[in-house]
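Please read them alongside the coordinates.

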Amino acid sequence: MMISESASVPRRAFFQMLLLAVAVVVAFNLAASVLVQRSVPYRLLRRLQDPTPVEGIFLGNSLMVAGLDAGAFQAAWPRHDAAFANAGLGWTTPVEHDLLFRYTLARQPKARFVVYGFYDFQLTELPFTGWGDIDGNKVISYRIEPEHALEMYGVSSWLERWQLRAIRFLPMVAEREWLWHHVNQVRRILDGLGMPPVSQNRFGNVDAFKAMESADAAHFKAECRGEIARNAPLGPSVVEILQLARERNMPIFVVEMPMSPGHRRTFYAAAEWPQYCDHVQALVERAGGV
């Protein structure tokens, strides 16, 4: 009897600790699901739900967010009360652009044209190598047509498909970058005490954007040659964006976005870049774009 009672104590303590751990995880996920409603992707989705009819839809990453002057379009448009939907979202790939286009089209069926901004190899590269790629603002794919997103990412492994489906219901994992962003803000403040100010813009640390560029000019040139040599096709999401516009009889303009002078000098001044642009221009025009 004494042995039985003593054995039940650790077992009871184990289940108590297990229940406590589950409760903590559930509470953390509930808190995360509420907090992330203030994040950039969710604010964008709420803005795109505005029923005011728009003339045009703009797609792309932070270059489109920062580069579109809607006021200039309004001033030059025949109707000065015309509205335009900027569905650009920073730190995203064509998969998220496709999802945002579908989302916006469902609410703006009378939009007359679409402008899609790209940079570097965005039109032909495949953006997905594993679940870790879906971070930051890309988590919008967990919220807009997640099953369609799996197709566009090209996830063929059943195990990885179920992994991504499970992560969708775990905001503490799916939204890890947004949560960590706030931890990093505090860390940067502490690191910066007594140090010269770090260059910032409305998207964050300016130096962080250099991580998105090629390693050097030689690497960039090699990428250009490689894309041309393999006759790289447009990515599936880019093809779908062009197809959706064509089905709606919407002119679609694919725009090489303005880049910094340093980026143009280092990368776009190379002879290989116009050759790559000629390649993708031919692909876009065959698909009905400009």
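Is strand E3 (residues 113-118) mostly covered or uncovered?

1. The model is predicted. In it, strand E3 is mostly covered, with six of its six residues buried. The burial applies to both faces: Phe113, Val115 and Gly117 lie on one side, Val114, Tyr116 and Phe118 on the other. In a regular strand the side chains alternate between the two faces of the sheet.

2. E3 has two pairings to note. Strand E1 (residues 56-59) runs parallel to E3 and is joined to it by four bridges. Strand E6 (residues 252-256) also pairs with E3 in the parallel sense, over five bridges. Val114 takes part in both: it is the bridge partner of Ile57 and stands opposite Ile252 in E6.

3. The whole structure holds 11 salt bridges. One of them joins Arg112 to Glu55, with the closest N and O atoms 3.0 Å apart. Arg112 is in the loop between helix H5 (94-107) and E3, and Glu55 is in the loop between helix H2 (40-48) and E1, so the pair links distant parts of the chain, 57 residues apart. Arg112 counts as exposed because its relative accessibility is 52%, over the 50% cut-off. Glu55 counts as buried because its value is 9%, under the 20% cut-off.

4. Arg79 and Asp81 form a further salt bridge, at 3.2 Å between the closest N and O atoms. Arg79 is partly exposed at 41% relative accessibility, whereas Asp81 is exposed at 60%. Glu55, Arg79, Asp81 and Arg112 are linked in a network of salt bridges.

Methods:
Residues numbered from 1 in each chain as written. Predicted model: local features only at pLDDT ≥ 70, side-chain atom pairs only at ≥ 80, totals over all residues. Heavy atoms only, no water. Buried < 20%, exposed > 50% of the residue type's maximum accessible area, 1.4 Å probe, protein only. Pairing = 2+ DSSP bridges. Salt bridge = Lys/Arg side-chain N within 4 Å of Asp/Glu carboxyl O.
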